[in-house]
Amino acid sequence: MIEKKILFRFAVFSDAHVTPVDNVSNSPFPVNRLSNQRYEHAVKCINQLDPELILNLGDMVHPLPGSKEYHLAAERYHQISSEFIQTPICIPGNHDVGDKPSEWMPAEAISERSIKKYHDNFGEDYRSFTYKGWTFILLNGELLNAPLSKANQQKIWFENELLKADNKKIFIAIHYPPFLYDPEEFDHYDNISEPDRSWFLELIEKYQVAAVFSGHVHNFWLNTYKTTDLFIIPSVSFVRQDYSEMYSSKPPFEGGREDVNKLGFLTFDVFEDDYIWRFHRTFGRSVSDAGQNHLLKSFHPQERKNPAFGVDLRLPWQEHRQIPPSGALDEFYRKDVRNDYPLLALCELGINELRMPLNDIYDSKVLNRLIALKKVGFTYTFYSFGIPHAKIIDLIKQYPELFDKIEIIWPGNDSKKIVNEYIEFRQQTKVKILVSPLWKNFGETDKNGRHFHVIKHGFNPSKLETFEDFFPKNWVSAGLTNFIDGIVLKQNLIFENEVSIATIETWRERHSFLLHVLSSSSPHNPSENIDNQTVIAESIENLWLKAKAVSEGVVFFTDAFVEIDRGYFRKAGLIDRLGNPMLAWHKIMTSK
């Protein structure tokens with residue numbers, strides 16, 4: 001649990017897209033008519049969390065600066081915003097002051113006229129302030145690369161503000177993200193163009209900025225650049241549906257624009273020299289909807305809400321995707337992105353323990369991503385069939401802080417050579433090793449004689465007391481058990497009797513080994529489907545509560561993180577293939 005003293009809390013939201021008249025919009029998309037009431041709901045939610053500061057990352061209004069409706073929308077924005085317990089500190093978005101300069105932008109670019117209009121309706125377009133020892137710098141992102149005198153003025157001012165600030169205790173807010181996927185990606189509608197992108201990134205590296213907050217893209221991403229966290233914050237009103245291409249399932253209404261599960265805002269608890277963040281889903285509700293308060297609960301892995309509960313990351317959770325040119329906001333490039341909604345779910349549920357195949361680290365981008373995310377508070381368990389080969393061992397030596405634990409699936413080989421390989425691997429890497437025996441139950445059938453082509457491993461919980469009998473005698477005589485840190489159990493939460501807490505605690509009193517309990521919510525055979533969310537939610541909730549009660553050194557891993565809606569052993573999960581909460585998510589989020 002976090003024991004550091006919180007200095008203050010602030011909230012960050014973006015892209016309200018307020019319209020002049022409630023339930024009316026000049027957008028061709030019907031969902032835009034709901035922006036005002038959704039913003040009202042977001043105001044109420046933010047107030048309930050009692051932040052000392054509130055930052056608005058822009059696109060306060062939907063009508064563009066050249067529209068006759070612009071000032072009317074600004075008036076309605078101020079009316080709704082007056083309900084905040086703290087006056088929000090704003091920066092302009094492209095709807096507020098014009099698009100970033102480009103020949104192919106779909107709307108008019110920023111100009112001196114649009115800046116004046118912004119000043120008349122919202123005040124200064126860039127500013128800075130210090131609060132309890134932390135510096136906040138709020139930029140007009142649309143000015144970057146602009147052929148305006150004020151663009152250079154802002155750049156000089158920004159460099160001076162960084163020079164005055166205390167290194168590492170700086171937050172920056174800017175509507176456009178520096179990049180979505182890679183610092184060197186092509187210029188497109190949703191990033192800062194060159195050359196000012198490189199200028200900006202060089203400065204945040206030089207001054208070791210703690211975090212940068214951006215909006216504009218109406219979806220969530222968490223990137224890192226050197227030591228700086230780059231947050232891209234979803235909208236409180238609607239989702240950008242072009243990014244629905246990230247998912248392998250059909251999006252909900254309006255091609256994904258009405259994917260209300262993704263709407264929300266972030267809060268930050270700030271300490272003397274660090275911070276943690278939480279995402280709060282608003283679910284597209286309005287102030288008239290009931291049952292709002294519990295939905296604001298959100299956590300962070302550093303809080304260690306339930307450190308004995310982990311997830312088995314069966315499906316890829318750092319997937320690279322390409323967003324095709326659509327003819328709407330981008331037409332000339334594919335945009336590279338990564339689906340960060342599984343990451344978001346892990347963080348908001350406060351999950352610490354992650355289990356994944358060891359060959360994930362073959363991909364250099366995944367490897368670098370795992371390294372960058374370690375500071376979030378995750379503990380990584382990798383699993384491997386047999387001793388990893390030399391290339392993997394070299395990576396383990398190169399990044400020892402990444403490899404917390406490795407499960408070795410033991411195929412039953414007991415030769416002296418295998419024993420020596422295990423001992424050598426343990427001595428070379430110093431990583432904690434848990435052993436899981438492979439089940440060689442060829443020809444397994446069900447009660448009807450149907451043959452299962454399945455692979456199983458892990459000690460049987462019913463034989464936990466005699467697990468030492470599974471090891472070959474030459475393992476014991478060679479002292480190999482002294483080089484093993486733990487063992488792996490396998491249980492099915494739906495069709496089998498679960499291992500009891502009493503059994504685990506009695507065993508732990510007699511042995512110093514770590515214990516991983518792989519807890520499956522899968523159907524009995526690979527052709528079946530448990531799509532009943534209540535059944536899965538109850539099994540995961542019971543596992544969660546059991547993990548709460550167990551002693552240190554034991555971890556229960558669920559295999560139902562992301563739903564499996566195709567292939568073998570189909571079942572519901574904590575989140576669906578769109579990264580959205582399922583019933584089990586709500587059970588865990590509200591569990592004590």
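Where is Asp 15 found? Asp 15 sits in the loop between strand 1 (8-13) and helix 1; helices (H or I, at least four residues) and strands (E, at least two) are DSSP runs numbered from the N terminus. The structure is a predicted model, in which local features need pLDDT of at least 70 and side-chain atom pairs count only at pLDDT 80 or more, whereas totals for chains, interfaces and linings use all residues. Residues are numbered from 1 along each chain as its sequence is written, and side-chain values use heavy atoms, with hydrogens and water left out.

Most residues other than glycine have a negative phi, and most peptide bonds are trans. Phi of Asp 15 is near 55°, a positive value in a residue other than glycine. Asp 15 is buried, with a relative accessible area of 0% (buried means under 20% relative accessible area, exposed over 50%, partly exposed in between; 1.4 Å probe, protein chains only). Lys 430, in the loop between helix 10 (416-429) and strand 18, also has a positive phi, near 65°. Lys 430 is exposed, with a relative accessible area of 62%. The peptide bond from Glu 194 to Pro 195 is cis, with omega near 10°, and Pro 195 belongs to the loop between strand 6 and helix 6.

A salt bridge was taken as a side-chain nitrogen of Lys or Arg within 4 Å of a carboxyl oxygen of Asp or Glu. By this rule the count comes to 38 salt bridges. One of them joins the side chains of Glu 258 and Arg 38 (2.8 Å, N to O). This pair links distant parts of the chain, 220 residues apart: Glu 258 is in the loop between strand 9 (228-232) and strand 10 (264-270), and Arg 38 is in helix 1 (residues 35-48). Both residues, Glu 258 and Arg 38, are buried.

Asp 187 and Lys 100 form another salt bridge through their side chains (2.9 Å, N to O). Asp 187 lies in the loop between strand 6 (170-173) and helix 6 (196-206) and Lys 100 in the loop between helix 3 (94-97) and helix 4 (112-122), so parts that are 87 residues apart in sequence are tied together. Asp 187 is partly exposed, at 24% relative accessible area, while Lys 100 is buried, at 3%.

A salt bridge also connects the side chains of Glu 348 and Arg 281 (2.5 Å, N to O). Because Glu 348 lies in helix 7 (residues 341-348) and Arg 281 in strand 11 (residues 275-281), the pair ties together parts that are 67 residues apart in sequence. Glu 348 is buried, with a relative accessible area of 2%, and Arg 281 is buried, with a relative accessible area of 2%. Salt bridges that share partners join Asp 190, Arg 240, Asp 242, Asp 330 and Lys 335 into one network.

Tyr 333 lies in the loop between strand 13 (320-323) and strand 14 (335-338). At 32% relative accessibility, Tyr 333 counts as partly exposed. Together with Phe 186 and Phe 332, Tyr 333 forms a nonpolar patch on the surface, with about 360 Å² of accessible area in total. Patches are made of residues with over 30% relative accessible area and no salt bridge, like charges being joined within 9 Å and nonpolar side chains (Val, Leu, Ile, Met, Phe, Trp, Tyr) within 5 Å; accessible areas come from the Shrake-Rupley method with a 1.4 Å probe, and for residues only the protein chains shown count as cover.
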